[in-house]
Structures are given as C-alpha cells and as structure tokens.
Amino acid sequence: MEESGNSLACGPDGSKRRVSYFYDSDIGNYYYSQGHPMKPHRIRMAHSLIVHYGLDEKMDVCRPNLLQSRELRVFHADDYISFLQSVTPETQHEQLRQLKRFNVGEDCPVFDGLYNFCQTYAGGSVGAAIKLNNKEADIAINWSGGLHHAKKCEASGFCYVNDIVLAILELLKVHQRVLYIDIDIHHGDGVEEAFYSTDRVMSVSFHKFGDYFPGTGHLKDIGYGKGKYYSLNVPLNDGIDDESYKNLFRPIIQKVMEIYQPEAVVLQCGADSLSGDRLGCFNLSVKGHADCVRFLRSFNVPLVLVGGGGYTIRNVARCWCYETAVAVGVEPQDKLPYNEYYEYFGPDYTLHVAPSNMENQNSTKELAKIRNTLLEQLKRIQHVPSVPFQERPPDTKFPEEDEEDYEKRPKGQKWGGEYFGSESDEEQKPQNRDIDISDKPGIRRQSPPNVEAPKKIKLEEEDGDAGIVVSSHFSHFEGLIFSPKLFSSIFCLYQFLSCLVSSI
C-alpha cells in the first residue's frame with residue numbers, strides 16, 4: 001500500500017483507479033516557430049509510448065471538445081480572445097499594437113492554427129474536470145494542458161490560454177475546495193494570480209527562484225485578503241535532486257491535505273524540472289518527478305494531471321508516459337517497446353534516464369528553513385474553510401453531434417531567442433506517425449463543432465542524419481521526409497528509365 005495521509009483508501013481501491021485520458025491526434029501538428037523550444041510534437045511522442053506500453057487499454061480514452069469563445073471568456077478578457085481568434089501569421093503585421101498589448105511575439109509567436117491549438121488543449125483540461133465533476137473518473141489526464149503562465153488579458157511564457165484556471169473554475173462548480181500543485185521548474189504565476197484572493201483554491205508551487213522567468217514566487221508571497229496564507233511558494237536553487245525534492249514535497253503536501261482537505265486536486269507536471277532539460281536546471285529523474293504523482297494518487301482524492309513545460313522532448317515523452325503508468329497503477333518495463341519514434345530515445349532506448357552529477361545548490365539547512373516556514377504558514381489558515389451557500393453555476397455542456405471521421409477534422413521572455421533547432425533527430429519537424437486507436441473498444445468520440453482549417457504548417461529545410469525535410473517551396477511534396485538512401489534509389493531509377501527511353 002502506498003504511503004499517504006489519513007484519506008488513503010484501503011483494500012482493492014488502494015491501487016486501482018478509474019482513469020480518463022484526453023488526447024487529440026492533431027495536437028502534434030502545431031509548430032510555434034523555427035528554433036522555438038516549445039514543441040507540441042512531444043505530446044504525440046508521449047502518446048506513442050503510452051499506446052505501445054498498452055496503457056491506453058487501461059483508461060477511458062477521450063478526444064477533447066474544442067472550447068468555444070464563450071467558454072474561454074469565463075476567465076479571459078473578451079478583447080484578448082477576439083484577438084486570438086482573428087490574428088494570423090499573414091495579418092499580424094497589421095495588428096502590431098495588439099501584439100504588444102497582449103504580449104504576443106517572440107516567446108508567444110503567432111503561428112498557423114493558434115486559436116484552434118488553444119481550443120484543443122483547453123478543451124482537454126476542462127473535459128478532465130467535467131469527468132471528475134460527473135464522478136466518471138478518479139484521475140483525468142491531459143498532457144497537452146498545463147500552460148500555467150497565461151494571464152487574463154495576455155499571453156506569457158509560451159502560454160496563450162490558461163487551461164488550468166478554466167479547469168479549476170469548472171471543478172469549483174461541484175467541489176468546495178480545490179488544491180493546485182505545480183512542479184514545473186517555472187513558477188505557476190498565472191494560476192496563483194487568478195486565485196490569489198480566495199480561499200477556495202490553494203496554490204502550491206515548487207520552482208526555481210532568482211534571476212529566472214517569471215521572477216515571481218517568493219517565499220513571502222502568501223496570498224491576499226480572503227486568500228491570505230492560501231498561496232504557498234517553494235523557491236529552489238539549481239541542481240535539486242530526487243531525495244531533496246521528496247523531503248520537501250511530501251511533508252508540505254501531507255500537511256496541506258490534512259489542514260485544507262481539498263475535494264479535488266490539480267497537479268501541473270511540467271517536465272522541465274527533469275535533469276538535462278534544455279531550459280531547466282534541476283536534476284530530477286523520471287521516477288523522482290513521478291513520485292509527486294504517486295504520492296497524490298495515494299490520497300484517493302479526485303485528481304487532474306496536466307502537462308506544462310519540458311524542452312528535451314524525448315525525456316518529456318518518457319516522463320509523461322511513466323506518470324500515466326503510475327496513474328493507472330502499473331510499473332512498465334524499463335526497456336522501451338518499439339514505436340514510431342524509437343530512434344529518438346537512443347542510445348539506451350530505455351524509459352528511465354539517470355540524473356547527472358551536477359551540484360545540488362540547495363543545502364539541507366536552507367531546505368529545512370523553507371519547509372518549516374511553510375508548515376508555520378499552514379498553521380495560520382482556517383481548518384477546512386467553509387463556503388457559504390450560493391447558486392451553483394450551470395455545468396459546461398458540449399454539443400451533442402453525430403459520429404464522424406475524426407481524422408477529417410481541420411488540422412491545425414522565458415526564451416531568450418537562442419535557436420533550438422535540429423541538434424538531434426528529436427528536433428525535426430513534427431511527423432505524424434500516430435497510431436489510429438479509434439477502432440479500439442471503449443474509446444469515446446467527442447465530436448467538435450466545425451472550425452475553419454488552419455493553413456498547413458510551413459516547413460523549413462533541416463539537414464540531419466535521419467532525413468531531409470523538404471522545403472515548403474516544393475508544395476507538392478510538403479511534409480514528406482526523404483532519407484538519403486531514398487534519394488539515391490530514385491536517382492538510380494531515373495538513370496535506368498532514361499537509358500531505356502533512349503534505346504527505344
């Protein structure tokens with residue numbers, strides 16, 4: 001039995017959970033910009049591992065509905081959502097004033113299908129919340145979500161729409177208290193800010209603090225007004241390892257669960273806190289990161305898992321695959337099954353990767369001081385804050401539509417500007433090698449409303465050992481991946497046919 005707090009389930013339910021998993025096969029097609037470190041393709045890679053380990057067979061697999069404008073405006077400003085709906089790469093030069101106003105630019109570029117992308121990942125997180133509200137799942141997963149920096153009126157840190165805030169607002173329709181926990185290396189500023197003055201949401205963020213984006217999340221940032229003491233920030237230094245992280249996370253969350261007694265929990269599982277992340281500086285292993293999921297699962301409180309940061313995409317895929325396995329209660333073998341992206345995981349081809357030997361700049365004394373400060377803060381909050389009776393907001397309802405061929409649906413300064421391009425095979429342009437699981441028993445089809453198809457993703461030339469991505473100038477071949485061997489074969493065939501024609 002897993003170690004946890006007083007609410008640990010006993011008996012068979014101590015290990016088995018009903019898990020819903022949200023995934024849209026188009027999510028990996030979106031492309032921020034050339035050299036940008038955020039690559040939605042990582043979601044497709046994680047999904048591939050999940051399917052090849054057979055984890056999808058242990059879950060209720062759902063495709064998210066696209067959130068409509070009115071549903072996004074539950075949190076976001078009208079003019080901001082209108083801007084996201086209208087702006088395109090071709091028209092952005094006509095909207096320079098709005099680009100600046102809404103903080104859209106280098107960190108958060110305009111790309112083809114941007115609004116559709118926002119609708120999709122936000123729809124997954126809200127859908128996960130609805131699953132919990134309807135008691136149709138104990139755990140609901142949306143790895144495409146977790147974009148925690150987005151604000152009410154602006155984009156920030158690769159995030160456009162704050163799906164987490166929207167999901168929490170949905171949960172609050174049914175649950176009196178919701179706990180939000182963030183283990184991304186960056187502070188969960190957008191979510192904390194949204195609920196900074198309420199006691200119905202407690203926010204706990206473990207993050208790198210100092211000269212680091214977004215620059216918020218000081219130990220003394222504790223909330224305001226009715227929300228005073230309901231924001232907990234755990235500021236950390238470079239190199240924190242599994243043991244140090246666990247010795248902070250478990251006692252703090254244990255006390256939070258005992259005192260606050262949330263009725264639902266949302267865990268943002270940003271994978272940029274893993275060792276070796278391209279933008280991160282922590283030293284967590286996949287198992288160390290997943291220990292947070294394992295610990296929260298043991299309380300048997302309704303749980304939403306979302307993604308977040310993570311920029312070494314092969315490790316992001318490893319991490320979220322393993323955390324999916326933790327959610328369903330199985331221990332997958334370390335040797336990776338063969339899959340569409342197998343070459344990305346070389347040379348070891350394993351699920352787990354050892355952390356580095358980097359120095360842990362978090363001393364035992366400093367960590368003990370942080371832990372004790374936060375435990376003292378928790379003593380100041382009202383034990384299980386009550387919620388006065390009020391009229392419940394209506395449930396979010398998605399349109400009921402007939403079954404359709406899902407594959408025909410339209411496709412769709414955190415970063416200093418340095419190029420994060422094709423350093424390895426993992427950084428190639430997105431390649432859709434998805435497995436079609438639509439015919440598997442149990443899959444739920446949630447048909448979205450019709451939307452205008454975004455223009456095809458623009459491809460740039462990238463040379464690498466694994467192949468050559470053909471430039472978008474050659475529109476007839478857009479999206480095709482040619483290996484050098486294939487080029488050689490085609491050339492030989494061309495010579496043969498030329499000789500044959502000339503002899504005739």
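Predicted model: local features only at pLDDT ≥ 70, side-chain atom pairs only at ≥ 80, totals over all residues.

Trainee: Take Ile181, then. Which residues does Ile181 touch, leaving out those up to four places away in sequence?

Mentor: Ile181 touches Val204, Phe206, Phe249, Ile253, Val265, Val266, Leu267, Gln268 and Leu296. Phe206 and Phe249 are also on the list of residues with the most contacts inside the core.

Trainee: And the overall picture? How many helices and strands are there in the protein chain?

Mentor: Twelve helices and eleven strands. The protein chain has 504 residues, and buried ones make up 59% of them. The chain exposes about 21800 Å², with carbon and sulfur atoms supplying 52% of that.

Trainee: Switching to rings. How many aromatic pairs are there?

Mentor: The count comes to 20 aromatic pairs. Take Phe83 and Phe102: the ring centres are 5.0 Å apart and the planes sit at 35°, so that pair is tilted.

Trainee: Where do Phe83 and Phe102 sit in the chain?

Mentor: Phe83 is in helix α3, residues 78-86, while Phe102 is in the loop between α4 (96-101) and α5 (114-133). They are 19 residues apart, and the pair links distant parts of the chain.

Trainee: Buried or exposed, that Phe83?

Mentor: Buried, with a relative accessible area of 1%. Phe102 counts as buried too, at 1% relative accessibility.

Trainee: Which residues form an aromatic cluster?

Mentor: Tyr30, Tyr32, Phe111, Phe117, Tyr121 and Tyr160 form one. You've met Tyr160 already, among the residues with the most contacts in the core.

Trainee: Which lysines have a charged end over a ring?

Mentor: Lys152 has its charged end over the ring of Phe75, 6.0 Å from the centre. Lys208 does it with Tyr212, where the charged end is 5.9 Å from the ring centre.

Trainee: Back to α5. How far apart are its end C-alpha atoms?

Mentor: They are 29 Å apart. At 1.5 Å a residue, the 20 residues of α5 should span 28 Å, so the two agree.

Trainee: Which peptide bonds are cis here?

Mentor: Among them are the one from Phe213 to Pro214, with omega near 0°, and the one joining Gly346 and Pro347, with omega about 5°. Pro214 lies in the loop between β5 and β6, and Pro347 in the loop between α10 (313-328) and α11.

Trainee: What about Tyr229, where is that?

Mentor: Tyr229 is also in the loop between β5 and β6. Tyr229 has a positive phi near 80° and is buried, with a relative accessible area of 18%.

Trainee: Which residues is Gln377 in contact with, neighbours within four places aside?

Mentor: Gln377 is in contact with Leu219, Ile222, Tyr229, Ser231 and Leu232. Gln377 is in helix α11, residues 364-379, and is buried at 7% relative accessible area.

Trainee: And Lys228, buried or partly exposed?

Mentor: Partly exposed, with a relative accessible area of 40%. Lys228 is found in the loop between β5 (201-208) and β6 (231-236). Leaving out residues up to four places away in sequence, Lys228 touches Ile222 and Gly223. Lys228 and Ser197 are 31 residues apart in sequence, but C-alpha to C-alpha they are 6.8 Å apart in space.

Terms used:
Residues numbered from 1 in each chain as written. Heavy atoms only, no water. Phe/Tyr/Trp six-rings, centres within 6.5 Å; stacked < 30°, edge-to-face > 60°. Helix = DSSP H or I, 4+ residues; strand = E, 2+ residues; numbered from the N terminus. Buried < 20%, exposed > 50% of the residue type's maximum accessible area, 1.4 Å probe, protein only. Lys NZ or Arg CZ within 6 Å of the ring centre and 35° of its normal. Expected span 1.5 Å × (residues − 1). Contact = heavy atoms within 4.5 Å. Areas by Shrake-Rupley, 256 points an atom, 1.4 Å probe, with all protein chains shown as cover. Core = buried A, V, L, I, M, F, W, Y, C linked by side-chain atoms within 4.5 Å.
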